[in-house]
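Here is a short report on how one protein chain packs its residues. Look at the structure first, then read on.

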Amino acid sequence: MLKNKVLKILLSNKEHVSGQTISDNLGVSRTAVWKAISSLKKDGYNIESVNNRGYLLLEKTDILNQVEIEQNIHSYKLLEPPVIIYMDEVDSTNTYAKSIADNLNKDFLVVSDMQTFGKGRLGRIWDSPSSTGIFMSLCIKPDIAIEKSSMITLVMALSLCDAIEELYSLHPTIKWPNDIVINSKKISGILTEMSSDMDGIKYIISGVGINVNNKEFPADIKDMASSLFLETDIIMHRAKLIASVISHFYNNFNIFLKTEDMTDLKEKYEKHLANIGKEVKILDTKGEYQAVALGIDENGALIVNSAGKIKRIISGEVSVRGLYGYV
């Protein structure tokens with residue numbers, strides 16, 4: 001699309017670039033360039049047009065598209081960045097990623113401005129309005145044992161914390177295994193799904209939903225959910241946050257691959273663990289019980305002390321006192 005090619009040129013220039021230069025570079029007419037510029041302005045870009053100087057992209061607003069995501073990820077200079085697939089709307093980024101995973105040999109990232117049927121854990125719906133949050137699914141195809149796949153959720157959760165710390169100077173916490181929490185309210189959730197056959201893992205898809213620029217929430221969840229904007233008063237360019245998350249994920253994932261477990265990430269993860277040292281309520285198929293969370297083990301299980309007995313929690317729902325209304 002010509003508009004995207006023009007946008008790439010504007011994003012890579014900090015000074016005015018003439019319409020003639022753009023048309024020469026792209027092999028199109030000046031009129032085609034002008035139409036592309038006009039279309040970008042309709043999308044919300046603030047582009048200055050000066051006679052005899054050309055076009056300059058002024059202060060950026062939060063616009064999410066293929067080019068923005070690619071350019072921001074490129075800035076981190078990853079050795080093998082994932083293929084980017086952007087859509088304005090999709091039912092679920094995880095569902096879409098699964099539908100194409102067998103046809104792509106590389107890692108890929110599906111991003112959508114909104115979801116019509118966003119998926120959370122345990123069959124829940126993730127509210128996914130347009131122009132507010134990040135809804136993305138990263139598909140990787142690692143050569144690891146099937147039983148190791150669940151730890152990708154922990155690697156992604158840690159990467160979300162790293163990105164938020166980098167861009168917002170906050171210290172988010174993780175409610176094991178998959179929620180990112182700030183000031184006792186949920187900011188982000190992760191849904192990891194895996195496909196395998198007799199040869200091992202075919203792919204792992206880590207779906208991420210982040211409340212970024214939301215200014216309000218429905219009455220039924222406003223006491224439990226928040227956004228990065230509500231916690232910081234900062235309007236973040238979502239493409240920038242996406243790029244940071246992906247960069248930190250690959251850094252943490254490469255550490256994970258050295259041992260194929262959480263050994264070298266355990267200490268860092270526990271510094272963010274909201275559960276640690278806290279009274280928790282464990283909900284599993286055998287019923288609920290109280291315990292104190294001690295941390296995680298090298299395989300990502302939550303270690304708890306229940307009435308003097310040390311237990312490993314590998315699945316089920318874990319509630320933390322003081323979070324999401326659990327008192």
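Predicted model: local features only at pLDDT ≥ 70, side-chain atom pairs only at ≥ 80, totals over all residues.

## The nonpolar cores

The largest nonpolar core holds 63 residues, and I210 and L241 have the most contacts inside it. Helix α6, residues 151-168, gives the most to this core: 13 residues. In soluble globular proteins, nonpolar side chains tend to be buried together.

What is L241 in contact with, leaving aside its neighbours within four places in sequence? The partners are I134, A163, L167, Y168, I210, V212, L228 and M236.

Helix α2 covers residues 19-26, and its buried residues are G19, I22 and S23. Seen down the axis of α2, these buried residues fall within an arc of 95°, so they line one face of the helix. An α-helix has 3.6 residues a turn, so residues three or four places apart point the same way.

On the other side of α2, D24 and N25 are exposed. What do the buried residues of α2 pack against? They meet α1 (2-11), α3 (30-43) and β2 (54-57). Just after α2 comes G27, with a positive phi of about 70°.

## Cysteines

Are C139 and C161 buried or exposed? C139 is buried, because its relative accessible area is 0%. C161 also counts as buried, at 0% relative accessibility. The cut-off for buried is under 20%.

Note on methods:
Residues numbered from 1 in each chain as written. Heavy atoms only, no water. Core = buried A, V, L, I, M, F, W, Y, C linked by side-chain atoms within 4.5 Å. Buried < 20%, exposed > 50% of the residue type's maximum accessible area, 1.4 Å probe, protein only. Helix = DSSP H or I, 4+ residues; strand = E, 2+ residues; numbered from the N terminus. Contact = heavy atoms within 4.5 Å. Arc of directions from axis to C-beta.
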